[in-house]
There are 2 protein chains.
Amino acid sequence: MRITKRAEYALRALLFLAQSPPGRLVPIGEIAERENIPADFLEQILLALRRADLLSSRRGIGGGYKLSRAADAIHIGEAMRALEEPLAPVPCTAERSREKCTCPDPRTCPLRAAMQEVADQAALLLDRMTLADAVARSRPEARVSFDI
Amino acid sequence: MRITKRAEYALRALLFLAQSPPGRLVPIGEIAERENIPADFLEQILLALRRADLLSSRRGIGGGYKLSRAADAIHIGEAMRALEEPLAPVPCTAERSREKCTCPDPRTCPLRAAMQEVADQAALLLDRMTLADAVARSRPEARVSFDI
DNA sequence: GGGGTGTTGCCAGCGCGGGCGCAACCCGCC
DNA sequence: GGCGGGTTGCGCCCGCGCTGGCAACACCCC
(Lines give C-alpha, C1' and ligand atoms only; values in the text may rest on other atoms or scores of the structure.)
Protein backbone atom coordinates (compact mmCIF):
# COMPACT_ATOMS: atom_id res chain seq x y z
CA MET A 1 0.00 0.00 0.00
CA ARG A 2 2.71 2.38 -1.04
CA ILE A 3 2.35 5.59 -2.94
CA THR A 4 4.65 5.92 -5.96
CA LYS A 5 8.01 7.64 -5.70
CA ARG A 6 6.63 10.23 -8.05
CA ALA A 7 3.84 11.12 -5.63
CA GLU A 8 6.16 11.01 -2.64
CA TYR A 9 8.59 13.44 -4.25
CA ALA A 10 5.76 15.70 -5.34
CA LEU A 11 4.38 15.91 -1.82
CA ARG A 12 7.82 16.50 -0.36
CA ALA A 13 8.35 19.37 -2.78
CA LEU A 14 4.95 20.89 -2.05
CA LEU A 15 5.52 20.65 1.69
CA PHE A 16 8.97 22.18 1.33
CA LEU A 17 7.51 25.12 -0.56
CA ALA A 18 4.82 25.41 2.10
CA GLN A 19 7.60 25.91 4.64
CA SER A 20 9.32 28.61 2.58
CA PRO A 21 8.37 32.28 2.80
CA PRO A 22 5.04 32.60 0.93
CA GLY A 23 6.01 34.60 -2.14
CA ARG A 24 9.56 33.35 -2.57
CA LEU A 25 10.61 31.58 -5.76
CA VAL A 26 12.57 28.44 -4.93
CA PRO A 27 14.77 26.85 -7.65
CA ILE A 28 14.54 23.12 -8.34
CA GLY A 29 18.12 22.52 -7.24
CA GLU A 30 17.46 23.80 -3.77
CA ILE A 31 14.40 21.59 -3.28
CA ALA A 32 16.23 18.58 -4.67
CA GLU A 33 19.23 19.04 -2.43
CA ARG A 34 17.32 19.67 0.77
CA GLU A 35 14.85 16.84 0.21
CA ASN A 36 17.26 14.31 -1.30
CA ILE A 37 15.36 14.05 -4.56
CA PRO A 38 17.04 13.40 -7.96
CA ALA A 39 16.91 16.84 -9.54
CA ASP A 40 16.18 15.74 -13.10
CA PHE A 41 13.30 13.57 -12.04
CA LEU A 42 11.94 16.31 -9.82
CA GLU A 43 11.85 18.61 -12.79
CA GLN A 44 9.14 16.74 -14.63
CA ILE A 45 7.17 16.23 -11.45
CA LEU A 46 7.09 19.96 -10.72
CA LEU A 47 6.10 20.55 -14.31
CA ALA A 48 3.06 18.34 -13.84
CA LEU A 49 2.15 20.20 -10.67
CA ARG A 50 2.40 23.48 -12.52
CA ARG A 51 0.10 22.23 -15.25
CA ALA A 52 -2.34 21.23 -12.53
CA ASP A 53 -2.21 24.84 -11.32
CA LEU A 54 -0.79 23.90 -7.95
CA LEU A 55 2.49 25.67 -8.67
CA SER A 56 3.53 28.73 -10.61
CA SER A 57 7.02 29.35 -11.91
CA ARG A 58 9.35 31.86 -13.47
CA ARG A 59 12.43 31.23 -15.57
CA GLY A 60 15.84 32.78 -15.59
CA ILE A 61 17.95 34.24 -12.81
CA GLY A 62 16.01 34.51 -9.59
CA GLY A 63 13.47 32.11 -11.01
CA GLY A 64 11.97 29.03 -9.44
CA TYR A 65 8.72 27.62 -8.17
CA LYS A 66 6.17 28.75 -5.63
CA LEU A 67 2.76 27.59 -4.53
CA SER A 68 0.03 29.09 -6.68
CA ARG A 69 -2.20 29.34 -3.62
CA ALA A 70 -1.75 29.64 0.13
CA ALA A 71 -0.54 26.51 1.90
CA ASP A 72 -3.82 26.23 3.78
CA ALA A 73 -5.77 26.20 0.52
CA ILE A 74 -4.07 23.16 -1.02
CA HIS A 75 -5.17 19.72 0.16
CA ILE A 76 -2.96 16.63 0.12
CA GLY A 77 -5.66 14.60 -1.60
CA GLU A 78 -6.05 17.25 -4.25
CA ALA A 79 -2.36 17.05 -5.07
CA MET A 80 -2.44 13.27 -5.33
CA ARG A 81 -5.41 13.36 -7.66
CA ALA A 82 -3.61 15.91 -9.83
CA LEU A 83 -0.74 13.44 -10.16
CA GLU A 84 -3.16 10.69 -11.13
CA GLU A 85 -2.01 8.86 -8.05
CA PRO A 86 -4.78 6.43 -7.14
CA LEU A 87 -6.10 6.84 -3.61
CA ALA A 88 -7.65 3.37 -3.74
CA PRO A 89 -5.74 0.29 -2.57
CA VAL A 90 -7.41 -1.82 -5.28
CA PRO A 91 -8.97 -0.65 -8.56
CA CYS A 92 -12.42 -1.76 -7.38
CA THR A 93 -12.56 0.89 -4.72
CA ALA A 94 -11.75 3.79 -7.01
CA GLU A 95 -14.33 6.49 -6.60
CA ARG A 96 -14.81 8.06 -9.97
CA SER A 97 -13.92 6.01 -12.99
CA ARG A 98 -15.30 2.61 -12.03
CA GLU A 99 -12.11 1.07 -13.28
CA LYS A 100 -12.15 -2.39 -14.64
CA CYS A 101 -12.35 -4.77 -11.72
CA THR A 102 -10.76 -8.18 -12.04
CA CYS A 103 -13.25 -9.78 -9.70
CA PRO A 104 -16.15 -11.69 -11.28
CA ASP A 105 -18.83 -9.62 -9.53
CA PRO A 106 -17.85 -6.30 -7.94
CA ARG A 107 -21.07 -6.19 -5.93
CA THR A 108 -20.20 -9.32 -3.98
CA CYS A 109 -16.43 -9.00 -3.98
CA PRO A 110 -15.11 -9.54 -0.45
CA LEU A 111 -11.82 -7.81 -1.24
CA ARG A 112 -13.70 -4.74 -2.35
CA ALA A 113 -15.74 -4.88 0.84
CA ALA A 114 -12.60 -5.11 2.92
CA MET A 115 -10.70 -2.36 1.17
CA GLN A 116 -13.54 0.07 0.65
CA GLU A 117 -13.41 1.26 4.23
CA VAL A 118 -9.66 1.76 4.11
CA ALA A 119 -10.01 3.71 0.89
CA ASP A 120 -12.82 5.87 2.24
CA GLN A 121 -10.99 6.73 5.43
CA ALA A 122 -7.79 7.57 3.59
CA ALA A 123 -9.60 9.74 1.07
CA LEU A 124 -11.50 11.56 3.80
CA LEU A 125 -8.32 12.23 5.74
CA LEU A 126 -6.25 13.34 2.78
CA ASP A 127 -8.98 15.53 1.36
CA ARG A 128 -9.35 17.37 4.66
CA MET A 129 -5.65 17.84 5.37
CA THR A 130 -3.92 20.85 3.84
CA LEU A 131 -0.21 21.41 3.31
CA ALA A 132 -0.30 23.86 6.21
CA ASP A 133 -1.90 21.24 8.45
CA ALA A 134 0.84 18.74 7.69
CA VAL A 135 3.57 21.27 8.35
CA ALA A 136 2.01 22.28 11.65
CA ARG A 137 1.65 18.66 12.66
CA SER A 138 5.31 17.98 11.96
CA ARG A 139 6.41 20.48 14.57
CA PRO A 140 5.60 19.14 18.00
CA GLU A 141 8.83 20.78 19.18
CA ALA A 142 7.10 24.11 18.78
CA ARG A 143 5.31 23.26 22.00
CA VAL A 144 8.32 21.91 23.81
CA SER A 145 10.83 24.34 22.37
CA PHE A 146 11.12 25.96 25.79
CA ASP A 147 12.48 22.71 27.15
CA ILE A 148 15.49 22.82 24.90
CA MET B 1 -1.62 4.06 -2.71
CA ARG B 2 -2.17 0.73 -4.35
CA ILE B 3 -1.36 -2.68 -3.01
CA THR B 4 0.70 -4.87 -5.35
CA LYS B 5 -0.96 -7.32 -7.71
CA ARG B 6 0.72 -10.04 -5.72
CA ALA B 7 -1.05 -8.98 -2.54
CA GLU B 8 -4.34 -8.45 -4.32
CA TYR B 9 -4.29 -11.96 -5.78
CA ALA B 10 -3.27 -13.44 -2.44
CA LEU B 11 -6.18 -11.80 -0.67
CA ARG B 12 -8.63 -12.84 -3.38
CA ALA B 13 -7.46 -16.42 -3.04
CA LEU B 14 -7.70 -16.37 0.75
CA LEU B 15 -11.18 -14.88 0.60
CA PHE B 16 -12.24 -17.43 -1.98
CA LEU B 17 -11.07 -20.24 0.28
CA ALA B 18 -12.88 -18.59 3.17
CA GLN B 19 -16.09 -18.89 1.15
CA SER B 20 -15.53 -22.57 0.39
CA PRO B 21 -16.65 -25.38 2.73
CA PRO B 22 -14.17 -25.27 5.64
CA GLY B 23 -12.27 -28.52 5.16
CA ARG B 24 -12.42 -28.75 1.38
CA LEU B 25 -9.23 -28.83 -0.68
CA VAL B 26 -9.50 -26.43 -3.62
CA PRO B 27 -7.11 -26.85 -6.57
CA ILE B 28 -5.23 -23.83 -7.90
CA GLY B 29 -6.96 -24.01 -11.27
CA GLU B 30 -10.38 -23.51 -9.72
CA ILE B 31 -9.31 -20.46 -7.73
CA ALA B 32 -7.54 -18.99 -10.76
CA GLU B 33 -10.53 -19.45 -13.04
CA ARG B 34 -13.13 -18.13 -10.64
CA GLU B 35 -11.08 -15.13 -9.58
CA ASN B 36 -9.54 -14.28 -12.95
CA ILE B 37 -6.00 -14.77 -11.74
CA PRO B 38 -3.16 -16.08 -13.96
CA ALA B 39 -2.78 -19.63 -12.68
CA ASP B 40 0.98 -19.87 -12.88
CA PHE B 41 1.49 -16.66 -11.00
CA LEU B 42 -1.03 -17.69 -8.38
CA GLU B 43 0.96 -20.83 -7.78
CA GLN B 44 3.95 -19.08 -6.31
CA ILE B 45 1.75 -16.76 -4.29
CA LEU B 46 -0.08 -19.66 -2.66
CA LEU B 47 3.25 -21.27 -1.96
CA ALA B 48 4.32 -18.21 -0.01
CA LEU B 49 1.08 -18.28 1.94
CA ARG B 50 1.64 -21.94 2.75
CA ARG B 51 5.13 -21.21 4.04
CA ALA B 52 3.63 -18.50 6.21
CA ASP B 53 1.32 -21.16 7.66
CA LEU B 54 -1.79 -19.45 6.41
CA LEU B 55 -2.57 -22.30 4.02
CA SER B 56 -2.05 -26.03 4.00
CA SER B 57 -1.96 -28.18 0.87
CA ARG B 58 -1.95 -31.70 -0.44
CA ARG B 59 -0.70 -33.00 -3.76
CA GLY B 60 -2.12 -35.49 -6.19
CA ILE B 61 -5.69 -36.28 -7.17
CA GLY B 62 -8.15 -34.59 -4.89
CA GLY B 63 -5.39 -32.29 -3.75
CA GLY B 64 -5.41 -28.54 -3.41
CA TYR B 65 -5.26 -25.76 -0.83
CA LYS B 66 -7.27 -24.94 2.25
CA LEU B 67 -7.01 -22.42 5.06
CA SER B 68 -4.81 -23.69 7.86
CA ARG B 69 -7.08 -21.97 10.39
CA ALA B 70 -10.72 -20.91 10.56
CA ALA B 71 -11.65 -17.90 8.45
CA ASP B 72 -12.41 -15.87 11.56
CA ALA B 73 -8.92 -16.50 12.92
CA ILE B 74 -7.00 -15.03 9.99
CA HIS B 75 -6.69 -11.26 9.79
CA ILE B 76 -6.25 -9.31 6.54
CA GLY B 77 -3.33 -7.38 7.98
CA GLU B 78 -1.65 -10.58 9.06
CA ALA B 79 -1.82 -11.91 5.52
CA MET B 80 -0.36 -8.73 4.07
CA ARG B 81 2.52 -8.77 6.51
CA ALA B 82 3.21 -12.40 5.60
CA LEU B 83 3.52 -11.32 1.98
CA GLU B 84 5.92 -8.57 2.97
CA GLU B 85 3.40 -6.14 1.60
CA PRO B 86 4.09 -2.80 3.26
CA LEU B 87 1.10 -1.33 5.06
CA ALA B 88 2.73 2.10 5.08
CA PRO B 89 2.15 4.64 2.27
CA VAL B 90 5.73 5.90 2.63
CA PRO B 91 8.75 4.11 4.11
CA CYS B 92 8.94 6.62 6.97
CA THR B 93 5.68 5.41 8.47
CA ALA B 94 6.63 1.75 8.59
CA GLU B 95 6.07 0.40 12.06
CA ARG B 96 8.74 -2.15 12.69
CA SER B 97 11.92 -1.86 10.68
CA ARG B 98 12.48 1.89 10.76
CA GLU B 99 13.30 1.75 7.10
CA LYS B 100 15.67 4.22 5.62
CA CYS B 101 13.83 7.47 5.21
CA THR B 102 14.79 9.78 2.36
CA CYS B 103 13.82 12.87 4.27
CA PRO B 104 16.63 14.83 5.97
CA ASP B 105 15.09 14.59 9.44
CA PRO B 106 12.33 12.04 10.06
CA ARG B 107 11.31 13.75 13.29
CA THR B 108 10.29 16.93 11.52
CA CYS B 109 9.20 15.44 8.20
CA PRO B 110 5.81 16.88 7.22
CA LEU B 111 5.12 14.03 4.81
CA ARG B 112 5.63 11.55 7.57
CA ALA B 113 3.33 13.58 9.79
CA ALA B 114 0.67 13.60 7.09
CA MET B 115 0.88 9.93 6.22
CA GLN B 116 1.33 8.54 9.70
CA GLU B 117 -2.34 8.90 10.49
CA VAL B 118 -3.38 7.22 7.27
CA ALA B 119 -0.98 4.36 7.97
CA ASP B 120 -2.17 3.94 11.53
CA GLN B 121 -5.82 3.88 10.58
CA ALA B 122 -5.26 1.40 7.79
CA ALA B 123 -3.18 -0.88 9.99
CA LEU B 124 -5.74 -0.76 12.77
CA LEU B 125 -8.57 -1.57 10.38
CA LEU B 126 -6.76 -4.38 8.58
CA ASP B 127 -5.45 -5.95 11.75
CA ARG B 128 -8.93 -6.13 13.21
CA MET B 129 -10.72 -7.42 10.12
CA THR B 130 -10.72 -11.19 9.56
CA LEU B 131 -11.39 -13.05 6.35
CA ALA B 132 -14.79 -13.99 7.76
CA ASP B 133 -15.58 -10.34 8.44
CA ALA B 134 -14.82 -9.35 4.87
CA VAL B 135 -16.93 -12.16 3.46
CA ALA B 136 -19.86 -11.24 5.68
CA ARG B 137 -19.54 -7.60 4.71
CA SER B 138 -19.64 -8.45 1.01
CA ARG B 139 -23.10 -9.95 1.29
CA PRO B 140 -25.65 -7.24 1.86
CA GLU B 141 -27.96 -9.24 -0.42
CA ALA B 142 -28.27 -11.78 2.37
CA ARG B 143 -30.64 -9.28 3.94
CA VAL B 144 -32.56 -8.47 0.79
CA SER B 145 -32.46 -11.94 -0.72
CA PHE B 146 -36.16 -12.25 -0.07
CA ASP B 147 -36.76 -9.40 -2.50
CA ILE B 148 -35.39 -11.37 -5.41
C1' DG C 1 19.53 50.09 -25.57
C1' DG C 2 20.70 46.04 -28.03
C1' DG C 3 23.17 41.95 -28.21
C1' DG C 4 25.87 38.59 -25.59
C1' DT C 5 25.98 35.39 -21.69
C1' DG C 6 24.67 32.72 -17.96
C1' DT C 7 20.94 30.96 -15.19
C1' DT C 8 16.78 28.55 -14.70
C1' DG C 9 12.63 26.33 -16.20
C1' DC C 10 10.50 23.49 -20.34
C1' DC C 11 10.25 19.38 -22.98
C1' DA C 12 11.08 14.80 -25.41
C1' DG C 13 13.06 10.54 -25.32
C1' DC C 14 15.78 6.59 -23.66
C1' DG C 15 17.71 2.86 -20.55
C1' DC C 16 17.69 0.21 -16.39
C1' DG C 17 15.49 -2.74 -12.94
C1' DG C 18 11.91 -4.95 -10.60
C1' DG C 19 7.21 -6.46 -10.55
C1' DC C 20 4.44 -9.30 -13.22
C1' DG C 21 3.19 -13.07 -15.88
C1' DC C 22 4.37 -17.26 -18.42
C1' DA C 23 6.45 -21.82 -19.49
C1' DA C 24 8.73 -26.02 -18.72
C1' DC C 25 10.07 -29.52 -15.93
C1' DC C 26 10.31 -32.20 -11.51
C1' DC C 27 8.19 -34.65 -7.70
C1' DG C 28 4.73 -36.67 -4.59
C1' DC C 29 0.24 -38.85 -4.28
C1' DC C 30 -3.80 -41.68 -5.89
C1' DG D 1 0.51 -43.48 -15.37
C1' DG D 2 -1.89 -39.41 -14.64
C1' DC D 3 -3.24 -35.67 -11.77
C1' DG D 4 -1.84 -31.66 -9.30
C1' DG D 5 1.35 -29.19 -6.36
C1' DG D 6 6.69 -27.71 -6.19
C1' DT D 7 10.52 -25.35 -8.38
C1' DT D 8 13.34 -22.82 -11.63
C1' DG D 9 14.08 -19.69 -15.08
C1' DC D 10 12.91 -16.39 -18.69
C1' DG D 11 10.53 -12.47 -21.25
C1' DC D 12 7.67 -8.35 -21.00
C1' DC D 13 6.29 -3.96 -19.28
C1' DC D 14 6.14 0.05 -16.49
C1' DG D 15 7.87 2.99 -12.79
C1' DC D 16 11.92 5.33 -12.14
C1' DG D 17 15.62 8.05 -13.16
C1' DC D 18 18.76 10.19 -16.52
C1' DT D 19 20.33 12.78 -20.80
C1' DG D 20 20.24 16.38 -24.05
C1' DG D 21 18.51 20.15 -26.24
C1' DC D 22 15.33 24.28 -26.20
C1' DA D 23 13.07 28.66 -24.38
C1' DA D 24 12.58 32.54 -21.33
C1' DC D 25 14.45 35.77 -18.17
C1' DA D 26 18.03 38.81 -15.81
C1' DC D 27 22.19 40.90 -16.00
C1' DC D 28 26.25 42.96 -18.09
C1' DC D 29 28.94 45.29 -21.29
C1' DC D 30 29.82 48.13 -24.88
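A backbone N or O atom of Gly60(A) lies 3.3 Å from a sugar or linking oxygen of DNA strand C, a polar contact being a pair of N or O atoms within 3.5 Å, where within protein one must be able to donate a hydrogen and the other to accept it, and residues adjacent in sequence count only if both atoms are side-chain atoms. This is a predicted model, in which local features need pLDDT of at least 70, side-chain atom pairs count only at pLDDT 80 or more, and totals for chains, interfaces and linings use all residues. Residues are numbered from 1 along each chain as its sequence is written, chains are lettered from A and ligands numbered from 1 in the order in which they are written, and side-chain values use heavy atoms, with hydrogens and water left out.

**DNA strand C**

- Around DNA strand C there are 26 residues, of which Glu43(A), Arg51(A), Ser57(A), Tyr65(A) and Pro38(B) come nearest; a residue is near a strand if one of its heavy atoms lies within 4 Å of it.
- The side chain of Glu43(A) places an N or O atom 2.6 Å from a base nitrogen of DNA strand C.
- An N or O atom in the side chain of Arg50(A) is 3.0 Å from a phosphate oxygen of DNA strand C.
- Sugar or phosphate accounts for 69% of the atoms of DNA strand C within 4 Å of the protein, and bases for the rest.
- H3(A) gives the most to the surface near DNA strand C, with 5 residues; helices (H or I, at least four residues) and strands (E, at least two) are DSSP runs, numbered from the N terminus.
- The surface near DNA strand C has 9 nonpolar, 7 polar and 10 charged residues, where Ala, Val, Leu, Ile, Met, Phe, Trp, Tyr, Cys and Pro count as nonpolar, Asp, Glu, Lys and Arg as charged, and the others, Gly among them, as polar.

**DNA strand D**

- Lys5(A), Pro38(A), Pro27(B), Arg51(B) and Tyr65(B) come nearest of the 24 residues around DNA strand D.
- Of the atoms of DNA strand D that come within 4 Å of the protein, 74% belong to sugar and phosphate.
- A polar backbone atom of Lys5(A) is 2.8 Å from a phosphate oxygen of DNA strand D.
- Sugar or linking oxygens of DNA strand D lie 3.2 Å from a polar side-chain atom of Arg59(A) and 3.5 Å from a backbone N or O atom of Gly60(B).
- H3(B) supplies the largest share of the surface near DNA strand D, 4 residues.

**Relation of the two chains**

- Chain B is superposed on chain A by a rotation of 180 degrees with 0.0 Å of shift along its axis (RMSD 0.0 Å), using least squares on the C-alpha atoms of residues with pLDDT of at least 70 in both.
- That is the relation of a two-fold axis.
- Met1(B) has the C-alpha nearest the axis in chain B, 2.6 Å from it.

**Cavities**

- There are 2 cavities of 30 Å³ or more; on a 1 Å grid over the protein atoms alone, a cavity is a set of points where a 1.4 Å probe fits but cannot get out, and lining residues have an atom within 4 Å of a point.
- The largest cavity has a volume of about 60 Å³, a volume being the space filled by probe spheres set on the grid points, which are joined across faces, edges and corners.
- Residues lining the largest cavity include Met1(A), Leu125(A), Met1(B) and Leu125(B).
- The second largest cavity holds about 40 Å³ of space, and H1(B) gives the largest share of its lining, 4 residues.

Methods:
1 Å grid on protein atoms, 1.4 Å probe; cavity = no way out; pocket = protein on both sides within 12 Å on 5 of 7 lines; lining within 4 Å.
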